[in-house]
Amino acid sequence: PPRRRRPPPPTMRLVLRAATLAAMIGAASPFSVRTPTFARSAARAAVAASSARVETDLATSAAASVASPASHHRPYSSSALSMASSDGGESAADKKRPFKTWTFDSPCTAMEWNEVTSASLTVAAEFDADGADLVIVGVTAPAKDEDEDKEEEEDEKDENDEEDKEEEPPVLTGKAAELDDALGGALSDLMSENSKAFKNGAKAGSVTPTLRVAVPGSKAKRYILLGLGAEGKDLEDGDLTKIGKVLASKCNAEKKVKTCAVFLPPKIVPDSSTLADVSSAFYAALYSDNRYRTGAKVKKLVEDLETVTIVPEGGVEDADAASASVAAGRNLAAGIFLTKDIVNAPHNVLNSESLAETAERIAAESGGRITATILGKEECEERGMGAYLGVARGSETDPRFIHLTYKPEGEIKKKVGVIGKGLLFDTGGYNIKTSMMVLMKFDCGGAAAVLGAARAVGALAPEGVEAHFIVAACENMINQKAMVPSDILTASNGKTIEVDNTDAEGRLTLADALVYADKELGCESIIELSTLTGACMVSLGKQIAGVWTSDDDLAKQLESVSKDTGDKSWRMPLAKEYNDQLESKIADIKNCGTRYGGAITAALFLENFVSKKKPFAHIDIAGPVWSDKSGATGFGARMVTEWVSRQGREEEEEKSED
């Protein structure tokens, strides 16, 4: 029998107004805030058609389906259409976007900053505890001789003796004893109940559980005891940081707290250094990156907190100086915030252009103390920066060579350079990474530390030092222009470099940055921070940076700064015999050696781009820049800020010694 003919496919009649069609064409895709070209075309179509109705027969087959220029990403929804702006302006949908990002055709041009909490930290000679919602009382354990300390350490190691060990009776003195009497011995009871863990406050930074005291006709008062170590024993390195962090943690954990009073015994001398350290630790601990969170995912810290008042038991000699020290700590914390912001930012937000915009903002908020110079592709080519530009050829955005200059008021006694590796994302290039790719946004950790320090230095205004903060910003990506293994690049000092591995790209960008700081700027001393090698992480772990320098005086400076700031570092060997690994068959030098001693050969490579007699240190921060638990750590900002601040003072100290 003859075969029956299939009926024609059903059709659907879709009636669209021109304005609706314009909205569809100009609507945002998942990667696009707006596509200007198509939006303008749609607007013209809407004007020409006015309110005419457009009738279009659309077959239900895929071949006849409507396809807009961006429809292969995501189908348009009715809500997207209804919220689109017909006048070409920002739509309601755009305004709801949680953060600025790229469009399909254009990179992001700015990165949002997280701001330091508005809660104020103050210092007062006197304060009525009844006026605070939360009272934190610092206590010290009774002094012990060395034999008792040794016995206690041995007891701590032997867990079997813990149950048999006699509990130490609570000892409260000064303001703590006064408050204890007013509370009918409640603080002593609190210490007794937690004696095994708290040990009379023998460990700095230890705390008791919160004691809530009901007050007739008012909300309950909360009291916490804060351990400050043994009486008569100096605070150890990092103890003030612990104290600041604990204050922040407790103010955040205790909800609905508006005012907090912190009473400190005479052991804590409220000098400028102490107050600045506690302040910076307090504010820095309240960092929460909410730039890319929405709704219930936003994590707000100390929402209700208004003031925290530190009350030293010995009083305050100079209230203005104390306030200035607290403000200095807050300024440092702002720099640490920015360091974390840069490292945490994803690549679709942070690129060479948005990092350059960040640098310009640092200069703009410095009150004229910092000036920004951003070199583009042409300026870098004029300087012969072939090593940097060789890497930048693979980037989506044009190279941005960032140079911030800080100049103090008065006499300049020393000019220093601080360079940070600014790889905004590192795929490895054609030697593509086989692991850790998801973490490679942190490859700008050196730049983050340097720019965060620049922000802090601009606010702190140290005397006697001119500081140059330098970042050669780009990405290490793959495209038709990207460098490949065996390419020969020429650095701005004329040295030719054979690219043995495209994943050893950071040192190429640093090479031209070092020449710039050394030759063009004439910096007298240079330090450089970079997330340069996995080999350093293998050697020192994830909490300690490696320092390579041939200058013993600079090594001592960095060791002292590291100890005082808590940004831990360790001087590593700079074995000259490993230079053999960098020998090239056809160029002056190769960009990497063998797998053995890779962190050392990286440092040796960089030495080729700084004058031999000039103090120079390479600091590899690959390990401590990132925490798997919390993300960016802010490592390096404190170290750089303190090192720069000391340079003018050290000149004075050297003269006084002579």
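How many helices and strands does the protein have?

## Overall architecture

The protein has 20 helices and 21 strands; both are DSSP runs numbered from the N terminus, with helices (H or I) of at least four residues and strands (E) of at least two. The structure is a predicted model, in which local features need pLDDT of at least 70 and side-chain atom pairs count only at pLDDT 80 or more, while totals for chains, interfaces and linings use all residues. Residues are numbered from 1 along each chain as its sequence is written, and side-chain values use heavy atoms, with hydrogens and water left out.

Of the 658 residues in the protein, 50% are buried. Here buried means under 20% relative accessible area, exposed over 50%, and partly exposed in between, with a 1.4 Å probe and protein chains only. The protein exposes about 32,100 Å², of which carbon and sulfur atoms supply 49%; such areas come from the Shrake-Rupley method with a 1.4 Å probe, and for residues only the protein chains shown count as cover. Among contacts (heavy atoms within 4.5 Å) between residues at least 6 apart in sequence, 80% join residues at least 24 apart.

## Nonpolar cores

In soluble globular proteins, nonpolar side chains tend to be buried together. A nonpolar core is defined as a set of buried Ala, Val, Leu, Ile, Met, Phe, Trp, Tyr and Cys residues joined through side-chain atoms within 4.5 Å. In the largest core, which has 57 residues, Leu 404 and Phe 469 touch the most other members. Helix α15 contributes the largest share of this core, eight residues.

Leaving aside residues up to four places away in sequence, Leu 404 touches a set of residues including Ala 359, Ile 362, Ile 370, Leu 451, Ala 467 and Phe 469. Another core, of 48 residues, lies apart from the largest one and has Leu 423, Trp 548, Ala 602 and Leu 604 among its members.

## Salt bridges

Side chains of opposite charge can pair when their charged atoms come close. With a salt bridge taken as a side-chain nitrogen of Lys or Arg within 4 Å of a carboxyl oxygen of Asp or Glu, the count comes to 20. One of them joins Arg 212 and Glu 254, with an N to O distance of 2.9 Å. Arg 212 belongs to strand β5 (residues 211–213), whereas Glu 254 lies in the loop between α9 (239–253) and β7 (259–264), so that the pair links parts of the chain 42 residues apart. Arg 212 is exposed, at 52% relative accessibility, but Glu 254 is buried, at 8%.

A salt bridge also forms between Lys 433 and Asp 503, whose closest N and O atoms are 3.0 Å apart. Because Lys 433 lies in the loop between β11 (414–426) and α15 (445–460) and Asp 503 in the loop between β14 (496–498) and α16 (506–520), this pair ties together parts that are 70 residues apart in sequence. Asp 503 is partly exposed, with 27% relative accessibility. The salt bridge between Arg 646 and Asp 564 has an N to O distance of 2.4 Å. It links helix α20 (residues 637–657), which holds Arg 646, to helix α18 (residues 552–565), which holds Asp 564, across 82 residues. Salt bridges with shared partners join Asp 564, Glu 642, Arg 646 and Arg 649 into one network. Within this pair, Arg 646 is buried at 14% relative accessibility, while Asp 564 is partly exposed at 44%.

## Surface features

Tyr 430, Ile 432, Ile 478 and Val 484 form a nonpolar surface patch with about 330 Å² of accessible area together. Patches are made of residues with over 30% relative accessible area and no salt bridge, like charges being joined within 9 Å and nonpolar side chains (Val, Leu, Ile, Met, Phe, Trp, Tyr) within 5 Å. Ile 478, in the loop between β12 (465–476) and β13 (488–490), is partly exposed at 40% relative accessibility.

Lys 300 lies in the loop between α10 (272–284) and β8 (307–312) and is exposed, with a relative accessible area of 53%. Residues up to four places away in sequence aside, Lys 300 touches Asn 252 and Asn 290.

## Cysteines

A search of the whole structure finds zero disulfides, a disulfide being a pair of cysteine sulfur atoms within 2.5 Å. The cysteine sulfur closest to that of Cys 251 belongs to Cys 260, at 3.9 Å, which is too far for a bond. Cys 251 is buried at 2% relative accessibility, and Cys 108 is buried at 2%.
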